[in-house]
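Here is a friendly walk through one structure, going from charged pairs to a helix and then to the whole chain. Keep the viewer open as you read.

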Amino acid sequence: MTTVLERTRWGAVFAVSSGIVLAALDLTAVAVALPVLGTDLGAGPTVTQWVLLAYNIPLIALSIPAGRWLDRAGHLPAFLLAVGGFGATSLLIAVAPTTGVVLVGRALQGAFSALIGAVTMPIIAGNVRPEHRARAMGIVLTLIPLSGVAGPAFGGLLTDLFGWRSVFLINLPVVAVAVLAGRRGIAADGRGLPWPGRRILVESVVFGARVVRRRSLALPLASLPLMLTGVGALNFVVPYLLVDLPSRTVGLVLLAMSVGMAVLSPIAGVVADRHGYRVVASTGAAVILIGTVLLLRAGDDPWDLAWRLAVIGIGHGLFAGPNAAALLARTPPELMGTAGGMTTLVRTVGFSVGPVLGASLGGFHPTVAVLVAITALGVVATVAQQRTG
């Protein structure tokens with residue numbers, strides 16, 4: 001059922017943003033705590049690496065089923081379930097006596113994180129007027145790379161001061177804020193939480209295929225991982241290029257990319273809401289490509305590298321919100337949850353492929369050369385949206 005919104009509920013945007021911060025920050029903050037966690041629980045690196053994998057596997061596997069389930073579920077109760085479940089599993093991990101309990105908790109966290117990601121698009125669609133969607137999605141999506149960059153420093157500080165369990169306990173106040181904001185800001189639509197049932201997996205394939213068969217949806221979905229692969233790869237290879245510098249300097253260099261995105265994203269959202277999504281998204285994709293090409297001439301001078309990364313960040317600021325708003329505008333209401341789940345999936349794949357690419361190519365400049373080609377494909381996919389409805 002499609003309704004005309006009288007006003008944009010910015011409280012819903014804040015609630016969704018809180019949930020995104022919760023999931024994105026936890027994804028990277030935990031990595032820093034793994035050595036201390038392993039020492040405390042008597043587990044070696046071959047075991048503790050599963051603390052990350054146990055989160056990522058359900059996040060990827062359940063994104064589309066979660067989205068399909070959301071096509072029938074109420075947005076508010078689904079959001080409260082996702083955020084509340086994430087908080088409960090955080091508490092479980094924080095009090096875990098063994099590594100096995102930690103892994104179970106992390107797997108459940110990944111499942112709830114998939115639900116947080118999938119519910120974002122339906123909530124924005126149901127609570128934000130069309131003329132405000134690009135800036136709303138820009139706010140939400142900017143928090144993902146910012147949280148990703150802040151995660152290691154934040155996790156390291158908590159681990160040093162209070163131990164590894166504090167990395168999970170700190171989620172609880174964020175959960176409380178998200179729940180309160182959600183209850184106040186997200187409009188109730190009268191639907192509850194249907195039982196998923198076994199058919200949800202079959203429906204995920206059928207309706208997921210229905211989404212990708214729509215060229216107007218397939219192109220913005222395809223451009224997303226092509227653009228985000230570079231972010232994941234650069235976050236991996238830049239520290240190796242600057243290996244002789246202090247970690248705080250490396251962190252500041254990487255932060256330049258997120259700052260560039262944070263500065264341009266609100267401006268891009270306003271422009272796209274007023275003048276159309278496609279031109280702004282295409283411009284952003286082109287700027288990302290320019291910034292990636294500029295990296296081919298970068299050396300190991302940190303500040304020379306930082307401004308080139310900032311150009312890429314500016315491109316992402318122009319691209320992310322308008323691309324997501326275009327996807328929202330083209331998605332039928334009955335497929336909004338499925339499309340949200342697919343967006344979470346392809347975004348996660350893009351971020352995950354990047355480090356694998358960087359590790360396999362074995363160097364900064366070879367990685368950047370391949371990223372130029374990948375980003376160029378993303379530009380083509382983005383520009384091709386101009387010809388779709």
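## Arg199 and its partner

Arg199 counts as exposed, at 53% relative accessibility. Its salt-bridge partner is Glu203, with 3.2 Å between the closest N and O atoms. Glu203, by contrast, is buried, at a relative accessible area of 12%. Since the model is a predicted one, please take these values as computed from its coordinates.

Both residues sit in helix α8 (residues 199-213), and because they are four residues apart there, about one helical turn separates Glu203 and Arg199. The pair also belongs to a network of salt bridges that links Arg68, Asp71, Arg72, Arg199 and Glu203.

## Other salt bridges

How many salt bridges does a search of the whole structure find? The search turns up nine. Side chains of opposite charge can pair when their charged atoms come close.

One of the bridges joins Arg135 to Asp273, with the closest N and O atoms 2.8 Å apart. This pair ties together distant parts of the chain: Arg135 belongs to helix α5 (residues 133-162) and Asp273 to helix α10 (residues 247-275), 138 residues apart. Asp273 counts as buried, at 13% relative accessibility. Another bridge brings together the side chains of Arg129 and Glu131, at 2.6 Å from N to O. Here both partners are partly exposed: Arg129 has a relative accessible area of 24%, and Glu131 has 33%.

Ser63 is worth a look in helix α2 (residues 45-70). Is Ser63 buried or exposed? With a relative accessible area of 0%, Ser63 is buried; the cut-off for that label is under 20%.

A polar atom of the Ser63 side chain lies 2.5 Å from the backbone oxygen of Leu59. Setting aside neighbours within four places in sequence, the residues in contact with Ser63 are Pro58, Ala114, Ala118, Gly341, Thr344 and Leu345.

Helix α7 (residues 171-185) has 15 residues. From first C-alpha to last, α7 reaches 20 Å, close to the 21 Å expected at 1.5 Å a residue. Its buried residues are Asn171, Val175, Ala178, Ala181, Gly182 and Gly185. These cover an arc of only 135° around the axis, so they lie on the same side of α7.

What do the buried residues of α7 pack against? Their partners are α1 (10-41), α3 (75-94), α4 (99-127) and α6 (165-169). On the face turned away from the buried side, α7 carries the exposed residues Leu180, Arg183 and Arg184.

## The chain as a whole

Stepping back, the chain has 14 helices and zero strands. Along the principal axes, its C-alpha atoms fill a box of roughly 55 × 50 × 35 Å.

Among contacts with a separation of 6 or more, 86% come from residues 24 or more positions apart. The bridge between Arg135 and Asp273, whose residues are 138 apart, is an example of a link across the sequence that you can pick out by eye.

Technical notes: Residues numbered from 1 in each chain as written. Predicted model: local features only at pLDDT ≥ 70, side-chain atom pairs only at ≥ 80, totals over all residues. Heavy atoms only, no water. Helix = DSSP H or I, 4+ residues; strand = E, 2+ residues; numbered from the N terminus. Expected span 1.5 Å × (residues − 1). Buried < 20%, exposed > 50% of the residue type's maximum accessible area, 1.4 Å probe, protein only. Arc of directions from axis to C-beta. Contact = heavy atoms within 4.5 Å. Polar contact = N/O pair within 3.5 Å; in protein donor to acceptor, adjacent residues only side chain to side chain. Salt bridge = Lys/Arg side-chain N within 4 Å of Asp/Glu carboxyl O.
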